Amino acid sequence: MMRKLVLSAMAAALLAGSFMASPASAFERTEDGEIIVFAGRQAIPVLDPHVRYDWSTRMVQQAVYDALVKYEGDPAEIKPWIAESWETSEDGKTWTFKLVENAKFHNGDPVNAEAVRYSFERGLKLNKGVAWMLKDFLAPEGVSVVDDYTVKFELKAPYAPFLSFLPWWFIVNPAEVQANEVDGDYGEAWLTENAAGSGPFKLGRWEPNVLYELQSVADYWKGWPQGENRPAGVIYRIIREPSAQRASLQRGEVDIVEGLTSDDYVQIANMPGIEIQNHKGMTTFGIKFNTQQGPTADINLRKAIAHALDYDALVQIYNGAASLQTSPLPDGMRGHIDVADIPRQDLEKAKEYLAKSEHPEGGITLEYVHVAGLEEARRIGLVLLDNLKALNINVEIKPEQWPNMVANGSRVETSPAMTSVYVTPISTDPDAVAYQYHKNSWGQYYAMAFYDNPEVSKMIDEARAATDWDKRADLYAKIQTQIVADQPEVFGMLQNRRWAHRDYLKGFQFSPVRFTGEVDLYPLWVEAE
Amino acid sequence: MTTSDLTTPVRLTFRERHESRIRQLRLYAYTFAASFSSMLGLVLVILFLALAAFGPWLAPYPEHTTGAFNMAERLQPPSADHWFGTDEMGSDILSRVIVGARTSLWIGLLITGIGAGIGIPLGIIAGYAGGWTRAAIMRFTELFLAVPGLALALAIVAALGPGITNCVIALAIVWWPGYVRLVEAKTLSVKEELFVESARSLGARTPWIMWHHILPNCWSPIIVKMSMDMGMAILAAASLGFIGLGARPPAPEWGAMISVARSYMPDWWWYSFFPGAAIFLTVLGFNLLGDGLRDILDPRSRER
Amino acid sequence: MSDLLEIRNYTLDIDTFDGPVHVLKDIDLTVRRGETLGIVGESGSGKTVLVRSVLGLAPKRARVVNGSIRFDGTDLSSLNDKGWKKIRGVRISMIFQDPMTYLNPLFSIGRQIGDVIAAHNRATGVSMSAAERRARSEELLDQVGIPDPARVCDQFPHQLSGGMRQRVLIAMALSGKPDLLIADEPTTALDVTVQAQVLDLINELVAKLNLTVIMISHDVGAIATVAKRCAVMFRGEIVEEGATEDILRAPQHDYTKRLLAAVPEIDAPLAARDEREPTRPLLEVKGLSKTYATKSSGGVRAVDDVDFAVSQGEVLGIVGESGSGKSTIARLVLRLVEPTAGAVTFDGSDITALNGEALRQMRRHMQLVFQNPHSALNGRHTIGDAIAEPFRIQSKLSRREIEANVEKLLDTVQLPKAFRYRYPHELSGGQKQRVCIARAVALKPKLLLLDEPTSALDVSVQAQILEFLRDLRAELDLTYLFISHDLAVVREICDRVLVMKRGKIVEQGPTAQIFEMPAQDYTQQLLASARKTAPSSLLADAGLAAAQ
Amino acid sequence: MLSFTLRKLAALVGTMLGIAALTFLITNVAPGDPARLVAGPNATEDMVETIRVQNGLDKPVTEQFVIYMSDLVRGDLGTSIVTTRPVLDELLRYAPATIELVLVAMALGILVGVPMGMLSAVYRNSWFDHATRIFSISGVALPAFWFGILLQLLFAVQMGWLPVSGRLPLVALPPEPITHLLLVDSLLRGQFDTFWTALKHIILPAVVLSFPCLASILRVNRAEMIEVLSSDHVVAARAHGLSSRRIVALYALKNAMLPTLAMIGLRFGWMLGSTVLVETVFDWPGIGLYAVSSALASDFKPVIGVTLLIGFFFIVANTIVDLAYAWIDPRLRNA
């Protein structure tokens, strides 16, 4: 009886196995053409372009919406998009944009000046997401329609970086939004999972936490760079585990992935049919000291730590896919200079500084907080822990959930001694990074150092108001040198942005100003064999 | 039975006095040893207890468990120098697995200890007192039982922040109701035994009965459950570690190791394989042990 | 008469942790067709293992060392599963002791009987439709005297009374028209009156169906009512075999003599009681009632408005069948159970009003001895601990003094001092009951409530314990409230008797009066049933039967 | 019967409110600032405040509690801060996937666990019994997350037999929903291809999820069978000549099913809780995944919602078990 049972079980298993062995499919193909599948780890809870803007959200926003201008290329450049051309007044306070006349929303409505005005009003009034970029300089009333295809912005004060933020202000279709308005919410509820844009793609299936389908718009007003090869659509699929992402890529279930580990990229690079994109990004990594409270308020201790860290290990952690910061500003940014005496590992110096500090013998324990789940940040913590043993300083590594970390870091009293922070500048303008060191930024996660140098703050204010680039460059050079001298943080490295994709996927274009995993979906296409 | 027995005071050796207990223990040992799986469990548990006790002295690279690393030897496959290979920081995985035993067993011990410490008294009180007291305690317990343990623990740790202490707190909060239920059920049945009535008729007070009669008769299932729970608690803690809510680095913890290592599958399989195997074997050991103990202590009770 | 069953030199061991136990030693037994054989033996004599071996149902670790069992020419020990199918239930069938546990609680009576019939049909190659099986089931139930068989067929075991269940089991045993019927203690778990009915039924069936029967029992009386021939088993051996009548009248073996002597005789002459002056009542119970709430309205009146009194130094017996409320009375008197109504006056004070510490103090003066000495002792405590417990609860004696007291008490109950270190499971039933009594008398109580103190014990042990209780009473000047279902025992030890039925007192009076001139029908009925299985009365019957 | 139903219902509502209160209080002990997360990395303090006010997070915890509970009584589970959608809608969206997974896993556990337990009780101490014993305890001891990854690598990556994760292939359109359970819907709509692919997707997660459950069902069933097989009525049945097969498969199994049922009810809740892990590994878009991502974002209303939903299912499952008990056991029917 038992033997029979075992035998039949084995037979069943074999049978099942033979049935299931189906060949792994290559890219997905539908009647309309190829569908590119992008696997990422981060969901898109809210698509509304004026409410959220993390990388996955922005990638899809960029695909379904258009803005006045668009960043493209490496180094990033601002290209005219909905706006054909623009001019600035003498005092730098008035900007006038001339719009293209053939742009139309997916429902056929024209993209006109009113749509632009409404979108900016909406963004500013909702006071969420992108609002912070412009709200201090632009009131909703400051945007006005000159004629159908001309729109004028009147700033409260001259603001040099103004244009650099505009690529993130997408234009929504006022008619559609207003039709779906509930209780004067500017259509916020509706736009959470719907779109009213004019971009190269429109929304297809929308299954939160599973997949988000984008269908290409055949008659996109700006045309398609890849012409006939335009894909039928793109599916952004959520795969959370790196190992699963990798397996799916290997099996050809997906065409491009963003979330592999450093080692995976090295390993997978050798596999046939897979290509790696490896580009220098603008995301800086720093270990912010609490400069206002505790042992790290002492600049000598900060300098000691900064000189004790093994900077090469930081690059090793990324398997070489990173470069050390030479200034608070990332390399690709305008106005960046290599600050001469930015600390590198030098134990002699470290000990000298330590001797001058309030804890000449060390013997203290410092907290190092990183975002739970961020692998590299954890490993850097381990490096730090090991390095600081030489100074007899103990490091307590503490992973925190992002919301908790941010909450603690918003006040001097609760901010830990050291916090590892990745910052991706939102624009190529140096102000985007410099302003992080302004006292007004206190309370933001990137200002956990609570850096307070009135002189630097003054220079930052000056630089953002100045319209003359040379003057600004000069100011930013001084700002960078001074910040490095004050050592509010350990300046770490710039990590490279990496993606792995099947080799039949073409048209990948990198631009450093995009967010970590973000890819411009517009130029992608599949080369069918 | 001779008359001398009745008149002369009896002076017996230790062995004679405890003859019955010794025989009982020998019987237990005999029954236990007769079962292969029970012995396997015992061996595994002793092995991991030894690792926990002497880990830092057994580990070939003890410094790798306190944060030292060797980036030159990243992700080396198992070899003579590194039996279990190395991880992404070049640390010796064997050493980290060995020292991780201490963390895991400690977590398991704390969780079951706290769980039993809260659950047993409540269970006895609920079972013995009856009436309103019982209704109140059991209602509260059932509330906790209806809540999915792992989900609740997850929420607690997410709110409190990762770390072993928070992990233990969270799991202890979801762990005690099981003991209340077990002990309450057992108490209800022991309470009906004649010897309890007999003690009552002798004028014994309630605490006396609980301590001398109810509790000793509840021990068997409690011991069995605690043994099983050691394993399950270690597993639960590792699960939290896997989600990213476990021990803080550099303390080696198996769940957290797998959590990191899963990104390194399958090419660096040893990284996740060995900690996973360690969890598996520990939990297996405690479960087999518990099962074996059940066979000898409490053959009729069933899994609750 | 041909030999139906032949057991030759049958020897069987059971392996235990301490080595093999010789359960059956060299058994030789022959049963001829149409014969009724009784096997008498006390617990541990091996009688159940013997009859189960006949059906191939010996315990798991049992090992046949020697000998053979032949049934109608077939060697049973060589049978495989298929062979057994043609024997079990079809040719040999069995009636079991406790009808509740031997019926599957989840299946209806009709289903269970029907399945047995179906199995027999398969074994014998007969085909029968479901309806026919059902009809046959009902017929069988009718045959064993179950009223309204159609209804019973659809009922489940828990809905039937003990006697009915035993009848169902008998019906199942008869369903295959077996050649040999084995009855394993068929009456032990039943009340006296039901016992008598079941025995009548078996006798009736034997006569009607011309059955060959082996009946085993610890109760000589029950055996004697059914079996014409009788074997006495003792420690795995058959010590004596012969016609029942002869054995009863003139036992040869020492053991048989002891056994028969130990059986309490319901009609034995009353021992001369030391006539005492009626003293003041030690315990007075007035209007005592206990109602248990049930789901149906009203509740169950376990004890219903009971009045009685116990005088100092007296032995009051309470007799009744199961469910008569006699045990509840003991618990009410001790206030282990809270009475619904009524008053209990003990030694001049009303104890129903007592609470907390006062109640605790009072309890030392009244002690209870339980029916089942095994469960009355905590298995985790040594005997020493168990006897010390009353001192530790009720006195402030030092450890040394307690130890001295424990040894003294062990002396009193005639157990060796070394027993202090033993655990209850290592003691025999009689020894355990002595320990229980030691615990009860440790605090020198005035009143001892004995709740069926001997009914879980073998007859010979029962006799010893009763003897011991009598001595103890004299020694410690105790008053007993003696609760029992066994009329003969009550008659032997009690001064006065109280008969209970369904929570009410039917009749009470001096022992002699109750037993010789019962006024109530119920009492008469009880006595009649009890006499039926009393060996002395059987002798007369047997003689009569032999004469016919 | 009516009063019975009403009482059950009242108890259910009471327990649900209790669970909600419990989870709310537990998740609110520590600070966490989901509003800041949602507002985005560069948001100014007033922008964060806008979101706090919108979600009622600016009020003291006690007041939030009162508001939450009174909303709950009206059937409103609040709004997720992260997705800005009502928690109830989200639960309804994610629950079918989890229910499908749990039901398949439970079916697997019962269909494999019960016969195996039965066989290993019948062939007690045989090699089969020893093997099942080790197997069953291994099932409990295997870390689900680790086991899941191993299976993925083996069956999806190495063998390529089964998909790595997800519920359906990307281009396959799910059948028009009837029950929202893909397997059932695809059959009802006659889309057998979809059924087949959905089945392939569900196998691995269901196996991982069912393993511990299968193990405990097996163990309980084995223990119960052993006990029942040595019970008096089985001895009697054998003495009456019933065949072993009938005794084991019918009589004994029915008796052993009672405690097994209790275990199944218990394990049901456990399984729902474990989806937290399994869904993470297999990217199964159910409530477990939803709970994890919400908890990690300190967005606790969804977490409470999930806890409530699982508690609800647990209670319902146990009520069903109670009813099954009464159906099997005649002794409980009249009580």
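Visitor: Which residues of α7(D) meet α11(D)?
Guide: This is a predicted model. On the α7(D) side they are Ala144(D), Phe145(D), Gly148(D) and Ile149(D). Their partners in α11(D) are Ser274(D), Leu277(D), Val278(D), Val281(D) and Phe282(D).
Visitor: And by class, how many are nonpolar, polar or charged?
Guide: The contact of α7(D) with α11(D) has seven nonpolar and two polar residues, and no charged ones.
Visitor: What about the geometry, at what angle do the axes cross?
Guide: Roughly 30 degrees, and the axes come within 9 Å. Helix α7 of chain D covers residues 144-158, while α11 of chain D covers residues 244-282.
Visitor: So are α7(D) and α11(D) roughly parallel or antiparallel to each other?
Guide: Roughly parallel, because angles under 35 degrees count as such.
Visitor: Left-handed or right-handed crossing?
Guide: The crossing of α7(D) and α11(D) is right-handed.
Visitor: Different topic. How many helices and strands does chain D have?
Guide: Chain D has 14 helices and zero strands.
Visitor: What does the C-alpha trace of chain D span?
Guide: About 85 × 55 × 40 Å along its principal axes.
Visitor: What share of chain D is buried?
Guide: Buried residues are 55% of the 335 in chain D.
Visitor: And the contacts, what percentage join residues at least 24 apart?
Guide: In chain D it is 71%, counted among contacts between residues at least 6 apart in sequence.

Methods
Residues numbered from 1 in each chain as written. Chains lettered and ligands numbered in written order. Predicted model: local features only at pLDDT ≥ 70, side-chain atom pairs only at ≥ 80, totals over all residues. Axes fitted to C-alpha atoms, helices over the stretch in contact; angles between N-to-C directions. Helix = DSSP H or I, 4+ residues; strand = E, 2+ residues; numbered from the N terminus. Parallel < 35°, antiparallel > 145°, perpendicular 65-115°, else oblique. Left-handed = near helix turned anticlockwise from the far one by under 90°. Contact = placed C-beta atoms within 7 Å. Nonpolar A, V, L, I, M, F, W, Y, C, P; charged D, E, K, R; others polar. Buried ≥ 20, exposed ≤ 12 C-beta atoms within 10 Å, placed from the backbone.
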